[in-house]
Amino acid sequence: MKIITRAAHLLLAAAPLALAATSVSAATLDEVKEAGQLKCGIHEGLAGFAAPNSDGQWQGLDVDICRAVAAAIFGDSEKVEYIPVTGSTRFTALASGEIDMLARTTTWTFSRDTDLKNEFVGINFYDGQGFMVPKALGVSSALELDGTTICVNTGTTTELNVADYFRGKGMSYEPVPIETGAEAQQQFLSGSCDVFTGDASGLAANRATFPKPDDYVVLPEIISKEPLGPAVRHGDSEWEDIVRWSLNALISAEELGVTSKNAEELAGSLNENAEINRLLGTEGDLGAMIGLETDWAKTIITSVGNYGEIFERHVGVNTPIGLERGVNALWTEGGLLYSPPFR
Amino acid sequence: MGFIPTSPRRSFHIGQLVYDTRYRAKTVQVIAAITIVAAFWWLGANIVGNLNALGKDFNLAFLNAPAGYDINQKLIAYDNRMSHGRAALVGILNTLLVSFLGCIAATIIGVFVGVLRLSDNWVINRLAAVYVEAFRSVPLLLWIVFIFAILSEALPQPRDFRGETATASMQLFDSVAITARGAYVPRVAFTNSISGNETVVPRDGVSAVASGPTDWALILAVMVLSVGVVILLRRHAARVQQRTGRRPTIWPWQALLIVVPTGLVLYFLGATIVQPYLKGFNFTEGTFVRKSLLALWLALSLYTAAFIAEIVRGGILSVSTGQREAALALGLRPNKVMRLVILPQAMRVIIPPLISNYLSLAKNSSLALAVGYMDARATLGGITINQTGRELEGMLLLGIFYLILSFLISGAINFYNRSMQLKER
């Protein structure tokens, strides 16, 4: 026994030496390049934001953010491994390195940014929380929801907002906690809850996939601000920059009128607008400043399009989800989307 | 040439550590100890290093921060301004509730099916076998989700009970409403409650009722007292029987002792049965047994009962047939043979494996997540971790909770086991 104790002492004395060797490396870009693909955390199934199409390919607004980042790094928007994460597993997945970035309709909040050690790189969708009810319930305002049973996704800002809202209005409700979007839909349709609450865009997306969408209405009240944006781990600013400016490139491209159709042509010669040149890499070398190729932004735009194209493709008025641009229009068109300049 | 015998050399060389039995055991121990310590040290260093890299610390202060979320099923007072610690406690109580209900139901069903499995009747025997195989061979999670889906899809919604053309109606003389959200069953409340603060008028024209912990404590105390007196009475009867050979008739007294005091207390408290009824969007009043609890409880007990049935069958088969034949030869009837001769002996074989089944039931209750039952895993290990980002602390606390729960369960059953064992003197 004495020998064992002595051995243990010896080991403990040596412990601090090896401690330094096991801490995690911070260079996410190198890891991604080495792996040959980007591990991107997405929604496990929300039409318009991240859902598999009939060929089994993930597509949606959030999926295109992943594709844009992959295009910027590899020059190929297909080099993404999509990892569906639930509302309650997403931050753990990000913190543990299971995913390199998170693009899953995630609300940017103070505590998530600071205490949970995430870095939000921007906002790719301005949303707000709403309520959806069956028309048969005969309710026209959220103020009439006293005493209802409400399906809420757990691990979301939604469940905190609804608690605050009902408390503030002095109303009572019965929460039915739900882990995945598919489960919420099943519970709501089978009548286990009167009301389904979530981000208004998500409600519209869910409603579009119901067998009889017209039997359900989204109530007019929006009870919260839900700025949804991609996030990365705290502590790797270089990686954060790449994801942030990939998103900004999408927004700037729309503002500058660069689309997936004309990007190649605009890059062919110098334009009068110097910012287009800088964005497309024909003037200066912004790419080198973040460790990417000169034409990184051009690759993004040719492979996924600009923000406007992405929006119209997945959630716009011509899709089953049918959302107006609203606050998600460019700042020049009365919306909130605004990218810092490419300079 | 003389042969000079050399005395054995007392020096030590390194090979002896392996080949010399005097040292070998110690060598192995030291190597094992080094490996274990190294493994733990590596894990610890990894945690410390990674937390540092993420800029996180180890801190339990989050338990005092306001939780901010609501919990539907709460056995103690809770609202969303209370702390994460309180929310964890609500979850822990929900885990205890479903584990307790599950263990009781699983034992009853398990013993019943286990005995049926030994029936001479071919149909009963086979039916029991099919039940056991079906539940034992399919993963528990599937059963939970399956039962939950059946409850969701097959049962009517509260609004189906409303109006002239109601498509659903309440059961048992309009006292129980079984809906797709769960069952609303009558509850007992008191018109002269001594502690209740939630005075409610169940319906127009009915006097207000309330209920509180003191009411129930009073009733429980009176019942315990009655049972205590009954036990004394039975001991007295046993002594009389020892002395005179004849047992006095005590059952009327027993019945009186049980019924009258409790009945009097209930009368003075003004006990009333409050029935659920439809109001607004939902049923109100009565006790609401949520669908998530029902599904989880049913699935856990049916699943575990299949294992318990086999343990019971094995236990009964382990009692030698001579015991049964001897008991029958003494003129005991078959049910008495089972109750007085076979089961007491079978229990010694049954109880030890029963413990591990209770343990797995309690731990399996963490699958509650699948049906949105708010147990400890869903509050402390789910929403709290997610809202505060304290994965390590939350999971450690959760692990400690399940560890303590398991110790308590196995401790309690081991205590019972010792009382059932053969007393060797």
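Domain bounds in this predicted model come from an automatic or database domain assignment. For chain A, that assignment gives domain 1, spanning 7–126, and domain 2, spanning 129–224. A distance of 29 Å separates the C-alpha centres of domain 1 and domain 2 of chain A. To the contact between them, domain 1 of chain A contributes 13 residues and domain 2 of chain A contributes 15 residues. The side of domain 1 of chain A that touches domain 2 of chain A consists of 4 nonpolar, 8 polar and 1 charged residues.

The contact of chain A with chain B involves 41 residues from chain A and 42 residues from chain B. On the chain B side, the elements that give two or more residues are α2 (21–54), α5 (140–154) and α11 (376–388) of chain B. Of these, α2(B) supplies the largest share, 16 residues. By class, the side of chain B that touches chain A comprises 17 nonpolar, 18 polar and 7 charged residues.

Helix α13 of chain A (residues 296–304) is largely enclosed by the rest of the structure, because 8 of its 9 residues are buried. The buried residues of α13(A) are A:Trp296, A:Ala297, A:Lys298, A:Thr299, A:Ile300, A:Ile301, A:Thr302 and A:Val304. Their cover includes α3 (61–74), α9 (237–256), α10 (263–268), α11 (274–280), α12 (286–289) and α14 (307–314) of chain A. After α13(A) comes A:Gly305, which has a positive phi, near 90°.

Terms used. Residues are numbered from 1 along each chain as its sequence is written. Chains are lettered from A and ligands numbered from 1 in the order in which they are written. This is a predicted model: local features need pLDDT of at least 70, side-chain atom pairs count only at pLDDT 80 or more; totals for chains, interfaces and linings use all residues. Two residues are in contact if their C-beta atoms, placed from the backbone, lie within 7 Å. Helices (H or I, at least four residues) and strands (E, at least two) are DSSP runs, numbered from the N terminus. Ala, Val, Leu, Ile, Met, Phe, Trp, Tyr, Cys and Pro count as nonpolar, Asp, Glu, Lys and Arg as charged, and the others, Gly among them, as polar. A residue is buried if 20 or more other C-beta atoms lie within 10 Å of its own, exposed if 12 or fewer, and partly exposed in between; C-beta atoms are placed from the backbone.
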